[in-house]
Amino acid sequence: MATDLTVAPPVAATEKLPDRKKKQRPRWLAHIVLILGALLMLYPLLWMLSSSFKFTEDIFSQTGLIPERVTTENYPDGWTALPRDFGHYIWNSLVIVVGSIIGNLLACSAAAYAFARLDFRFKKFWFAVMLGTMMLPIHVVIVPQYILFAELDWINTYWPLIVPKLLATDGFFIFLMVQFIRGIPLELDEAARIDGCGHFAIFWRIVIPLSVPALATTAIFTFIWTWNDFFSQLIFLTDPEMYTVPVALRTFVDATSQTPWGPVFAMSIVALAPVFGFFLAGQRYLVRGIATTGLK
Amino acid sequence: MSSTLDVPPRERSHGEAPGGASRAASRARRRRSGWLTPYLFLAPWFAGLLFITAGPIAASAYLSFTDYSLIGAPEWIGLDNFQRMFDDPRFYQSLKVTFIYVVVSVPIQLAFALFLAMILDRGLRGLALYRSIYYLPSLIGGSVAIAILWRQIFGSDGLLNQVLRFVGFENPPGWVSDPDYALGTLIILNVWTFGAPMVIFLAGLRQIPTMYYEAASLDGAGKVRQFVQVTLPLLSPIIFFNLVLQTINAFQTFTQAFIVSGGTGGPADSTLFYTLYLYQRGFGNFDMGYASALAWFLLLIVGGLTAINFIAAKYWVFYGD
């Protein structure tokens, strides 16, 4: 043990060494707890998936995961159950999501570059302001925002949902990016500067290409948050033509006194599927993102 | 300047001593375009501050002293909105509902998160898989689809009651339609999303040097003692971070309550979350002045809680050396 510590670099001493585990209870116990827990956590989701293939009347009598009678009718039924077909709402959601991702990537990384690499007056103050806005509940500013956007005639357009992202209002991503850019060696900036690059060239040709992991985290989280967002879309989009997926989904359980659970579950699965997809594709970035900034 | 430009780029970056002509040139260039550059990078952010975040905070401060319904000009009414607020039983109800929700769900959620993080931290096989499974609900817990699912599961003929009837309960309550239980179903939903703080705990546990545990165990400390005297103090900054974050998140819960109660906050206002009440006043009745007063009060609460958390942290958070 002592020799280990002297040979190993200081970092190694803080890492977990296998010895610690030798006196622990058998691992199968931990595995059983974890597997049971995971099943309990996932059961509602799996049950919803299975129920989307059941007849509505069966949903209320079958608690199991294997449908006794399988139907795929719920998907076409749900797709066309609302005034416009569901593809229309998906399109509205996608426009907002893509606009938000572009906005956050450009605006937040530019702001982060200024905070991480440039000097200007009251930088600490502005940085503190930025951190403060991270904690700001949207409910506090929604009324004046609504009034502003109503004045601009932007209610029932995509703009109230995209423009704030173009203006770097998601402080989380600025913070994430500042942390990341600070980790990029300054020597690279120096070298580029000697080669004649100004700040814009350094930003665009050095910092951006090297920040791909942080940018990916930003894009994935922006996708999931915007796709799932309900509050602001409910407020800014009241015309059924402009409904996004969550707002349209809500009219299912709102409008009809008798909820058609089969089709509703089918469209809920459609609404959740892209999130699962991004989750599986981008797990690496997600975990890193939460570990550095505590995003949810 | 021209002499340095004649040298091929590669030679320049290698051959010249630092502080040479090119350094001077770049410094000059920075001086020329320098002062404006940061503000160009920050221009969108400043615009956002003015129109989307800080500006609206100031605007809602003004609006909270007015009577305004989007038609005509805001009419100054002084403290009337605040007066009304403190006479409004639904305002108190919404505060009560939100506080119960936060105080009950956040500690349970964090306890689950820490418990599972500690199990996962033992270097088990399949860590990444378990972590993903437990994290998944955090990503979708606030979505409309999940709220709809919750409404079914906890409905009077929902999944839970089918199971309960199967095991012999004759008349289980209709959870979401029963004022005594409706809030409880939303608390369960929030606890279900313990994956996000769990991942943060896991990262924190990794940072605790193994030698502390070895020293403690040499001194004869058992597992429980090690947890109380090594893990908890060393993890306290992370616990604190999670506490602040989850408290603020929980205070802003809206979607789940809106969907489960059909936008009413019912039954009997038992799920009338603060944000839901604000929405009803602002965008149901277009009572923008009153909604702004509610918004400012929310800002004070969130700010106050954060401050309390920070002050309390001085007494129990251990930041090492």
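Helices (H or I, at least four residues) and strands (E, at least two) are DSSP runs, numbered from the N terminus. With that in hand, welcome to a predicted model, in which local features need pLDDT of at least 70, side-chain atom pairs count only at pLDDT 80 or more, and totals for chains, interfaces and linings use all residues. Residues are numbered from 1 along each chain as its sequence is written, while chains are lettered from A and ligands numbered from 1 in the order in which they are written.

## The two chains

A residue is buried if 20 or more other C-beta atoms lie within 10 Å of its own, exposed if 12 or fewer, and partly exposed in between, with C-beta atoms placed from the backbone. Two residues are in contact if their C-beta atoms, placed from the backbone, lie within 7 Å.

| Item | Value |
|---|---|
| Chain A, secondary structure | 16 helices and zero strands |
| Chain B, secondary structure | 17 helices and two strands |
| Chain A, buried | 40% of 296 residues |
| Chain B, buried | 39% of 321 residues |
| Chain A, contacts between residues at least 6 apart that join residues at least 24 apart | 74% |
| Chain B, contacts with a separation of 6 or more that join residues 24 or more positions apart | 68% |

## Where the chains meet

The contact takes 75 residues from chain A and 83 residues from chain B. On the chain A side, helix α3 (residues 27-51) gives the largest share, 12 residues. To sort residues by class, Ala, Val, Leu, Ile, Met, Phe, Trp, Tyr, Cys and Pro count as nonpolar, Asp, Glu, Lys and Arg as charged, and the others, Gly among them, as polar. By that scheme, the side of chain A that touches chain B divides into 51 nonpolar, 15 polar and nine charged residues.

## The nonpolar core

A nonpolar core is a set of buried Ala, Val, Leu, Ile, Met, Phe, Trp, Tyr and Cys residues joined through C-beta atoms within 7 Å. The largest one has 150 residues, and those with the most contacts inside it include A:Cys108, A:Ile174, A:Leu249 and B:Met198. Helix α6 (residues 86-117) of chain A supplies the largest share of this core, 14 residues. Leaving aside residues up to four places away in sequence, A:Ile174 touches A:Cys108, A:Ala111, A:Ala112, A:Phe115, A:Met130 and A:Ala168.

An automatic or database domain assignment supplies the domain bounds: chain B is divided into domain 1 (2-79) and domain 2 (82-316). Their contact takes 11 residues from domain 1 of chain B and 10 residues from domain 2 of chain B. On the domain 1 side, α5 (54-63) and β1 (66-67) of chain B each supply at least two residues, and α5(B) gives the largest share, three residues. By class, this side of domain 1 of chain B has six nonpolar, four polar and one charged residues.

The axes of helix α8 (residues 127-140) of chain B and helix α12 (residues 195-206) of chain B come within 7 Å and cross at roughly 135°. By class, the contact has eight nonpolar, two polar and one charged residues. Axes here are lines fitted to C-alpha atoms, for helices over the stretch in contact, and angles run from 0 to 180 degrees between N-to-C directions; those under 35 degrees count as roughly parallel, over 145 as roughly antiparallel, 65 to 115 as roughly perpendicular and the rest as oblique.

Finally, B:Leu95 is found in helix α7 (residues 89-120) of chain B. B:Leu95 counts as partly exposed because it has 17 C-beta neighbours inside 10 Å.
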